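Open the model in your viewer and keep the selection tool ready. We will go from one stop to the next.

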Amino acid sequence: MSFVTVNGIQLYYETRGPVEAKPLLLIMGITAACSVWEKHVSYWEKEYRCIIFDNRGVGMSDKPEGPYTTAQMADDSAALLEALNIPNAAVVGVSMGGAIALEMSIRHPEKVSAMVAMCPWASCDRKGEAIFRHITHIKAHLRPEQFAHFMQLLIFDKPTFDDDAEYEGLVSGQKGAALEAIQQPLHGLEAQAEACINHNVVAQLPQIKSPTLVIGGKQDMFVPEWMVREVSEGIPNSELHLYDNAGHAFHWEKLDDFNPRVLNWLKANY
């Protein structure tokens with residue numbers, strides 16, 4: 001296990017892949033520890049030196065009282081690269097991690113060689129705020145397996161629930177959530193949610209100059225298509241790909257296309 005002190009807190013991180021390969025920093029979303037990257041990092045580590053880490057407020061990283069901001073967590077991400085003596089990297093961020101990646105590209109452009117923003121948003125509307133606040137209310141009142149079920153309802157599209165094998169995996173995931181040794185504390189989730197709600201970089205998007213791929217799911221009811229398009233349309237020369245019949249978890253629902261798509265884009269742009 002590896003830890004580094006940045007911005008007054010300890011971050012847990014792992015590195016995967018060849019040390020001599022180009023670095024790829026992966027930034028996870030709200031509620032989730034870095035282990036959730038496994039289906040992707042196991043594919044990308046064959047070509048890149050992947051750095052995964054637990055954001056503040058979750059996993060084995062420190063969980064100070066909030067609220068947090070995406071700018072603060074972007075500074076955490078940049079400081080992690082500094083601590084590892086990595087001058088710049090390609091950055092892949094999912095959901096809240098996508099918002100953090102945007103902030104990192106704005107605040108630390110010299111450190112972001114290329115960016116893949118997965119289901120990101122540039123600003124949060126009233127419905128988005130209500131969803132984030134409801135997530136914290138669910139966390140406060142339900143058992144871990146029930147909270148996991150709610151999150152599954154939020155991020156997976158109908159075809160996943162209709163597929164017997166996939167549905168069995170969802171049920172197994174609910175049971176596993178109850179057995180996780182490290183549960184995210186409520187204050188950590190609340191602090192991350194505030195970062196998501198108050199994230200607003202609409203005016204700064206044109207400043208982003210690094211090659212950027214924006215990806216989303218057309219049936220995403222958590223970060224809907226308009227939010228993803230707002231990011232893509234705001235970043236000069238960015239590329240946009242939207243998956244049909246996929247929700248917020250399009251990167252799992254369309255795994256066989258997603259992993260090589262990102263890898264091929266990185267090879268062409270990084």
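Two residues are in contact when heavy atoms of theirs lie within 4.5 Å. Keep in mind that this model is predicted.

**Stop one: I135.** Select I135. Leaving aside neighbours within four places in sequence, I135 is in contact with F147, F150, M151, L154, L189 and F222. Show those side chains too.

**Stop two: the core.** Now widen the view. The largest nonpolar core has 91 residues. Which of them touch the most other members? They are W44, F132 and I135. Next, colour helix α3, residues 96-107. Helix α3 gives the most to this core, with 7 residues.

**Stop three: helix α9.** Select residues 225-234, which form helix α9. Which residues of this helix are buried? Pick out M227, V228, V231, S232 and G234. Then look at what covers them: the cover includes α3, β7 (212-217) and β8 (239-243).

**Stop four: R16.** Go to strand β2, residues 9-16, where R16 has its place. Is R16 buried or exposed? Its relative accessible area is 18%. Buried means under 20%, so R16 counts as buried.

Now show what surrounds R16. Apart from neighbours within four places in sequence, R16 is in contact with E38, V41, S42, E45, Y48, R49 and C50. Zoom in on E45. The side chains of R16 and E45 make a polar contact at 3.0 Å.

**Last stop: D244.** Select R16 and D244 together. They are 228 residues apart in sequence. In space, they are 31 Å apart, C-alpha to C-alpha.

Notes: Residues are numbered from 1 along each chain as its sequence is written. This is a predicted model: local features need pLDDT of at least 70, side-chain atom pairs count only at pLDDT 80 or more; totals for chains, interfaces and linings use all residues. Side-chain values use heavy atoms; hydrogens and water are left out. Helices (H or I, at least four residues) and strands (E, at least two) are DSSP runs, numbered from the N terminus. Buried means under 20% relative accessible area, exposed over 50%, partly exposed in between (1.4 Å probe, protein chains only). A polar contact is a pair of N or O atoms within 3.5 Å; within protein, one must be able to donate a hydrogen and the other to accept it, and residues adjacent in sequence count only if both atoms are side-chain atoms. A nonpolar core is a set of buried Ala, Val, Leu, Ile, Met, Phe, Trp, Tyr and Cys residues joined through side-chain atoms within 4.5 Å.
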